[in-house]
Each structure stands twice: as structure tokens, then as C-alpha cells.
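Please read the numbered points with the sequence and the model in view.

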Amino acid sequence: MQAVLPPFQLFIDQAIDRIREDPDVTGLAVGGSWISGNMDSYSDLDLVLVTTHAIAPDLEQMRAWAARFGTVLGSFRGDHVGEPRLLIALYESPLLHVDIKFLTIDEFYQRVEDPVVVWERDGALTAVIRQSQVQYPPFDFQWTEDRFWIWVHYAALKIGRGEYFEAMDFLSFMRNVVLGPMLHLNKKGLPRGVRRLETIAEPDDLEKLRKTVATPDRSTLLASVQASVQLYTELRDALAPATLHKNDAARIAVMNYLTTV
């Protein structure tokens, strides 16, 4: 076991001790970097609590359950990521970031990864995992191509107006939604934004990605937009299916507009 794991293991052991006698609990599983064994001292903990009766999206019930695992300093529901069944919590002593997803056994069938089952009643979670398949949302190349050139034009408008911080924010959005996922796909991984690209992507690709990061001035921002376009087109041409409809008219018009900003 990794040297940094004891605080996390202690938390999980404590959680199990506090739920095993509750007949409403079907099982507890751990996802995220726990699955791959990549936990380190900066990791958060991703728990899946499966119960017979729905707890989410009732925030008070979710918080009450979270409080059974330890002293909660603060928590909020995952509405901002479109997941009202998720509670993001900060625990005291040790200071841990813990995400708890509250599911029923029927909801456990639909998942993006196979978590590690750390406790279950009558093998219920293991049976679901054996009977069903993980379905991670695929990267949609056509959806991306249909939007990318409009997004580039929008960034150019912000630079032209002098809204440099908003342009920087938009470039970050494109890295997270477009470039990062495509770099993951290029390494045969899942399109998980920019997660751990520093240790996954090829050095040349990382250097290209660094060039998409700008400071709040016109010339640097324009260079970063150009770098974003170059990286996108390289990855698109290498990874997209042959059926992709490329919007060349929009690309030409937008790239010509960039020269006037």
C-alpha cells in the first residue's frame, strides 16, 4: 500500500464501521484514483454510497449521512457539474476533500467507471458490476467541430475589445472541453478534461498545450488562440472519424478575421 494512503484508508474504515449495521445501506465503493492506485497526498476521495432508499437530491439528508463519517467543515451539492446526487465535503482531522455520490442499487447500474467495492451486503454491488458495463460519455467530434470555429471567433472578439481576462478564461474553457480530452484520446485514455496531462501526454504535445496559455495582453492572447487552433486541427485530423464534416468555410473566415484583430 502506498505510504500516503493511511489517512484515506482510516476514513474508509471509519465509514464502514458506521454504516455496516444500517439495514438501509447496500454497499460502499471507492472510485477515482483509488481504482488505479494513483492516490497521493494531494488526492481527494471519491465514495459511492448505495442505499435501498434514495437519499439524494435531498441536501439535508445527504449532509446528515456525510456527518456520520466524520466532522464536516463544509459541504455543497454537485449541481454545478450537473450531478445533484453528489455531495462535495471537507472533513476535519485529517483535512480531507471527500466526494460522496448517493445512489440506489438501480442507479448503480449506470456508471462511468467500475469502483472498488470496499463493503457490501450480500454481494449486491459486485453482482451489478458483473451484470452491467461502464459507459463513459464519448467525445463527440462533430459536436466539437460544429462549435470550435464559433468559439475561436468569440475569443477573437474579446481580444479585439480588450477583454483580456475573459479571453483567457475562454481559452481555459477550450483546453478543458476540447484540447485536453483530445490529448487523452491520443494516448488511448478517457476524455477527462486536462486531468493529469502533465504525466500522460507526450512532451511535444505538452509543449503545444503550454503555448495555448496566455497572459492578459493582446499579442500573447492572439498567439495562444493560434496555438489552440493548430493543436485542435492536428488532433482532429489524427483522431476524428472519416465521416466528420469539417467546417472549412468557417475556419477560413475566422482565421482571416484573426489577422485583423
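1. Of the 9 residues of strand E5, 7 are buried, so this strand is largely enclosed by the rest of the structure. The model is a predicted one, and the remarks below should be read accordingly.

2. Strand E5 belongs to an open sheet of 6 strands with mixed pairing, in the order E3-E4-E5-E2-E1-E6. The edges are formed by strand E3 (72-78) and strand E6 (116-120), each of which pairs on one side only. On average, and with direction ignored, neighbouring strands of this sheet are turned by 25° against each other.

3. On one side, E5 is joined to E2 by 7 bridges, and these two strands run parallel. Within E5, Thr-104 is the residue that stands opposite Thr-51. E5 is also joined to E4, by 6 bridges, and here the strands run antiparallel. Ile-100 of E5 stands opposite Leu-87. The hairpin of E4 and E5 has 4 residues between the strands, and in it Ser-93 takes a positive phi near 55°.

4. Strand E4 (residues 83-91) is joined to E3 as well, through 6 bridges in an antiparallel arrangement. Gly-74 has Leu-90 in E4 as its bridge partner.

5. Two helices that lie across the sheet strands deserve attention. Helix H1 (residues 6-19) lies across strand E1 (25-30), strand E2 (45-51), E4, E5 and E6, and runs at about 15° to E2. Helix H3 (residues 59-67) lies across E1, E2, E3, E4 and E5, running at about 40° to E4.

6. Which residues does Phe-69 touch, not counting residues up to four places away in sequence? Phe-69 is located in the loop between H3 and E3 and counts as buried, at 0% relative accessibility. Its contacts are Phe-11, Gln-14, Ala-15, Arg-18, Ile-19, Leu-49, Tyr-91 and Ile-100. Phe-69 and Phe-11 are 58 residues apart along the chain, yet their C-alpha atoms are separated by 7.5 Å.

7. Asp-99 is buried but has no salt bridge, and Arg-195, the nearest side chain of opposite charge, is 7.9 Å away. A salt bridge would require a side-chain nitrogen of Lys or Arg within 4 Å of a carboxyl oxygen of Asp or Glu. Leaving aside neighbours within four places in sequence, Asp-99 is in contact with Asp-44, Leu-45, Asp-46, Leu-47, Leu-86, Leu-87 and Ile-88.

8. Helix H8 (residues 203-210) has three named buried residues, Asp-205, Leu-206 and Leu-209. Seen down the axis of H8, these buried residues fall within an arc of 100°, so they line one face of the helix. Pro-203, Asp-204 and Arg-210 are exposed on the other side of H8. The cover over the buried residues of H8 includes helix H6 (164-186), helix H7 (197-200) and helix H9 (218-239).

9. Helix H9 also contains Ser-228. Is Ser-228 buried or exposed? With a relative accessible area of 2%, Ser-228 is buried, because the term applies under 20%. Apart from neighbours within four places in sequence, Ser-228 is in contact with Phe-148, Leu-171, Leu-179 and Thr-212.

Conventions: Residues are numbered from 1 along each chain as its sequence is written. This is a predicted model: local features need pLDDT of at least 70, side-chain atom pairs count only at pLDDT 80 or more; totals for chains, interfaces and linings use all residues. Side-chain values use heavy atoms; hydrogens and water are left out. Buried means under 20% relative accessible area, exposed over 50%, partly exposed in between (1.4 Å probe, protein chains only). The arc is that of the directions from the helix axis to the C-beta atoms. Contact means heavy atoms within 4.5 Å. Lys and Arg count as positive and Asp and Glu as negative; His and the chain ends are not counted. Two strands pair if DSSP finds at least two bridges between them. Axes are lines fitted to C-alpha atoms, for helices over the stretch in contact, and angles run from 0 to 180 degrees between N-to-C directions.
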